[in-house]
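This report describes how the parts of one protein model are arranged. Please keep the sequence and the structure in view while reading.

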Amino acid sequence: RAAQRHFGGGLRCRQRFFHYHQFTLIMIKIIVAEDHQALIDGISLLVNQEADMKIISTANDGEVLIDRVALYQPDVVLTDIRMPKMDGVTAIRWIKKNYPKTRILAFTMFDHEEVIRDVIEAGADGYILKNSSLETVKEAIYKIAGGEKFFDPNVDISFIDKDGHASTAVTLSDREIEILKSIAKGLTNLEIAETLCIGRATVETHRKNMIRKLGLAGYNELM
């Protein structure tokens, strides 16, 4: 069922992409930057099944990526964040400065706010996790190629505004607010976990995130 939902989303995005281009079959030219060749091969297998997508080049590090972008000027760049020689954030910033029409999809295993914020502020148009289904990758490509933003449904983007920009204001997620209210009631981490039906480690992670977001010195300041 989940796969069907992913497929349906990709189909709708494809139809929307065609609509933007008056139903003319437009080839989406893609460059993939990733330091693990097996992952590039997997994405290539996915893209090669689509009549309107084509990987025109690949790169295994950030320096090669910006050289390939300058040479081929793709429509979409799918890039990892942590790469040799030049990291993905620096590469994204360079691409957006020199080729602002190129759409960029960050592809990473990191779901931390600091990383997401850095990527968005560098100019990325989308952000997906490496454990996403291939259909989600396809959906993301269609969306950003069509001028939209795309963020993985499994990452917290509460700090991103409606225009897809990282807000400078401190924003807590709905779950963090629930936990903060429970802390105010004097509940322990274990009691909060049982009340919200989540793991104790998850509660502790949320508390650490709130301390970091709010610039507090320690757990006691959340009281």
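Which exposed residues are carried by the face of α2 turned away from its buried side? That face carries the exposed residues A38 and L45.

## Basis of the description

The model is predicted, so local features need pLDDT of at least 70 and side-chain atom pairs count only at pLDDT 80 or more, while totals for chains, interfaces and linings use all residues. Residues are numbered from 1 along each chain as its sequence is written, and side-chain values use heavy atoms, with hydrogens and water left out.

## Helix α2

Helices (H or I, at least four residues) and strands (E, at least two) are DSSP runs, numbered from the N terminus. A residue is called buried under 20% relative accessible area, exposed over 50%, and partly exposed in between (1.4 Å probe, protein chains only).

In helix α2 (residues 37-47), the buried residues are I40, I43, S44, L46 and V47. They cover an arc of only 160 degrees around the axis, which means that they lie on the same side of α2; the arc is that of the directions from the helix axis to the C-beta atoms. The cover over the buried residues of α2 includes β1, β2 (53-59), β3, β4 and α6 (134-145).

Strand β4 (residues 103-108) is largely enclosed by the rest of the structure, because six of its six residues are buried. R103, L105 and F107 point one way from β4, whereas I104, A106 and T108 point the other way.

Two strands pair if DSSP finds at least two bridges between them. Strand β3 (residues 76-79) pairs with β4 in the parallel sense over four bridges, and I104 in β4 is the bridge partner of V77. Strand β5 (residues 126-129) also pairs with β4 in the parallel sense over four bridges, with T108 opposite L129 of β5.

A right-handed β-α-β unit is made by β3, helix α4 (residues 88-98) and β4. Another right-handed β-α-β unit is made by β4, helix α5 (residues 113-122) and β5. A crossover is right-handed if, with the strands pointing away from the viewer, the path from the first strand over the helix to the second runs clockwise.

## The nonpolar cores

In soluble globular proteins, nonpolar side chains tend to be buried together. A nonpolar core is a set of buried Ala, Val, Leu, Ile, Met, Phe, Trp, Tyr and Cys residues joined through side-chain atoms within 4.5 Å.

The largest nonpolar core has 26 residues, of which L65, V77, I81, I92, I95, V119 and Y127 touch the most other members. The elements giving two or more residues to this core are β1 (28-33), α3 (62-72), α4, β4, α5 and β5. Helix α5 gives the most, with five residues. A second, separate core of 20 residues includes I28, I40, I128 and V137.

## The buried residue D80

D80 lies in the loop between β3 and α4 and is buried, with a relative accessible area of 4%. Although D80 and E34 are 46 residues apart in sequence, their C-alpha atoms are 5.3 Å apart in space.

Contact means heavy atoms within 4.5 Å. Not counting residues up to four places away in sequence, D80 touches A33, E34, D35, G88, F107, T108 and K130. The side chain of D80 also makes a polar contact with the side chain of K130 (3.0 Å). A polar contact is a pair of N or O atoms within 3.5 Å; within protein, one must be able to donate a hydrogen and the other to accept it, and residues adjacent in sequence count only if both atoms are side-chain atoms.
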